[in-house]
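Biologist: Could you take me on a close look at one part of this structure, the place where the ligand sits? I would like to hear what is around it.

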Amino acid sequence: MTDGGGTSEARPVTALKGVGQALADKLGRLGVETVQDLLFLLPLRYEDRTRTVPIGSLRPGDRAVVEGEVELAEVVFRRKRTLLVRLSDGTGFLTLRFFYFSGAQQQQLQRGLRLRCFGEVRRGPVGLEIVHPEYRRADVPDAQAVEDVLTPIYPATEGVQQGRLRILTAMALEQAARSTVRDWLPPELLADLGLPPLQAALEYVHRPPPDARLDLLAAGRHPAQRRLAFEELLAHQLSLRQLRKEVRRDPAWPFGGPGELERKLLDSLPFALTGAQRRVVAEVRADLCQSSPMLRLVQGDVGSGKTVVAALAALRAVESGCQAALMAPTELLAEQHAQNFERWLRPLGLPVAFLSGRLTGRARQAALDAIASGEVPLVVGTHALFQEGVRFARLGLAIVDEQHRFGVHQRLALREKGAGGGRFPHQLIMTATPIPRTLAMTAYADLDVSVIDELPPGRTPVSTVAVAESRRDEVVARIHAAVREGRQAYWVCPLIEESEVLEAQAAEETAATLAAALPEIRVALVHGRMSSADKERTMARFKAGEIGLLVATTVIEVGVDVPNASLMVIENAERMGLAQLHQLRGRVGRGKHASSCVLLYRPPLSDTARQRLKVLRETTDGFEVARRDLELRGPGELLGTRQTGLMQMKVADLVRDADLLPRVQDAAEMMLARHPANIGPLKRRWIGAGARYGKV
Ligand code: ADP
Ligand code: MG
């Protein structure tokens, strides 16, 4: 990280007194390389050692300084030899508990001694206590007074003590004060926001005065913290916007044809598009007419009908003599898309190629040849689509389904597939993870967003219940009842991350047990270890109503569409994430019958698991599920970007600071228009040399 020219902050940490290479290496693990980085290594929390607290007012969990007189000190033998010291200050008493202590300590801690202690208060067997407090005598004349600022606690890394970090940040602050760390936010913006200048904010967060609002600091809501969070969000926003601008500078084929093929498909469908679908189709179409690439995210809850929107876009490309590729995150979903495309587009005389990792040998070569020659206009597949060896004759549109499974990098890789003829493909990204708007604006600042906020008519909301494992028999009875009424059911087996083989075995056993318990019902199984052909055959029979109960692993999580299925049982639901459960549940409630979802769990439930199940019982609205998911998990996981590093923030928190996001947008516009020279150094300060966004 550099800060443009030889300002003191840009110097390596080794320039500080007492910092050698060994320490510099350890600091490197905290992301600290320069003196400036130290300024932006912010405390995780603070301790108030600026005043003593009356013992009588302590509560469990407090971390506090107390002062009092030793009333009693004794060594007891429980499981372990323990030194117990009873401290009193007239307002109450407190026990100091030492499991490790020296003879000298035992000697020193005698009745009548005045002590000042610091530590975390907890409930003990006889009232409140502090285990292994920091303490010193309070009765000697030079006893060091309490601290004069709140004590910052920094992120820990092995081999670097808090005391050392305090010294280092003090040196960095001192240097910054002398040379003035550059504030890249213009004063008029800060005045507008009511936020302090950088120097003051840094001083404050590193060394808050004794009267600082600890509650605000602990919640990350203090103006000094918000000032830094704002700056960081702005840096990310500017970076994504730049990425977007670069992509848009590429040339793309404009698809401005009359829309004949689209019309034919619409005429052949057994349903009319919903208003929301029509709006999104129009938004996509407007983009596709441009000669710079579309970058559009289509959000729509499970079952909102994204596939047909994708097919219509693909037909635009085909009409203009280009190819369109649709990439799905799983084999099963890719197969299902391929079937839909076949069914819809084959009658229009358009062949569809399928490509996945399972396709090998001659079949694969034939598919590759047809794609390379341009003989097939439509290609559906898994991430095998952007592997080496896949060449498109003229890829004009890349569609990515369920984007949250793919990182930004993979999306960019697919873009490269189209680079033939100097043109880049339009990109359409579809996701069923409805991201709250402000978050989308930040996380996907490089994309335009369309929302399908309406379900096709006639859907009935799914009612959801959570049932303990011990009541499995009742659940089996429900399946019996549903099938007797002519409905169908899914039973989803637990995810076993470590082993697809174990997962398949478990699913086989479950299927066998259920088949034995439900002798009148035809039970079948799909799991990830089966051949595509077998899976497909089973799914087709389920869809045709020949199978009453489909036992499946989470391979059916996305996209599977059987409207007559009205009951879904999810085993070990407590182990799955909210988004995944919502996706699974989206397999039912697709037809005209009232549907239900049973979340079978094994007690005891952890707090978060209990909350997850509660969210699902309370709402079927994907946006609401996503919002609550965001609260429970944080944005990195929700967006699936943890691995890509897209949303790694140092200070800002997209949930906590969501209210800043609209102002961040405005500020980004203002910076671009009026202070372009500040943007580079601002981005370098927070994001580094731009490598994070992985230019391909
Ligand atoms: P998702 O958005 O979850 O990908 P799909 O594209 O799989 O949803 O659509 C779900 C089901 O709804 C499919 O059977 C699809 O054919 C059907 N469908 C899509 N649009 C409509 C509509 N406007 N009216 C009725 N059914 C529709
Ligand atoms: Mg879908």
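Modeller: Happy to! Around ligand 1 there are 16 residues, and the closest are Gln277, Gly303, Lys306, Thr307 and Asp561; a residue is near a molecule if one of its heavy atoms lies within 4 Å of it. Please keep in mind that this is a predicted model, where local features need pLDDT of at least 70 and side-chain atom pairs count only at pLDDT 80 or more, while totals for chains, interfaces and linings use all residues. Residues are numbered from 1 along each chain as its sequence is written, chains are lettered from A and ligands numbered from 1 in the order in which they are written, and side-chain values use heavy atoms, with hydrogens and water left out.

Now to the polar contacts, meaning pairs of N or O atoms within 3.5 Å; within protein, one must be able to donate a hydrogen and the other to accept it, and residues adjacent in sequence count only if both atoms are side-chain atoms. The backbone of alanine 272 places an N or O atom 2.8 Å from a nitrogen atom of ligand 1. Threonine 274 has a polar backbone atom 3.5 Å from a nitrogen atom of the ligand, and for serine 304 a backbone N or O atom lies 3.4 Å from a ligand oxygen atom. Histidine 132, not a glycine, has a positive phi near 45 degrees.
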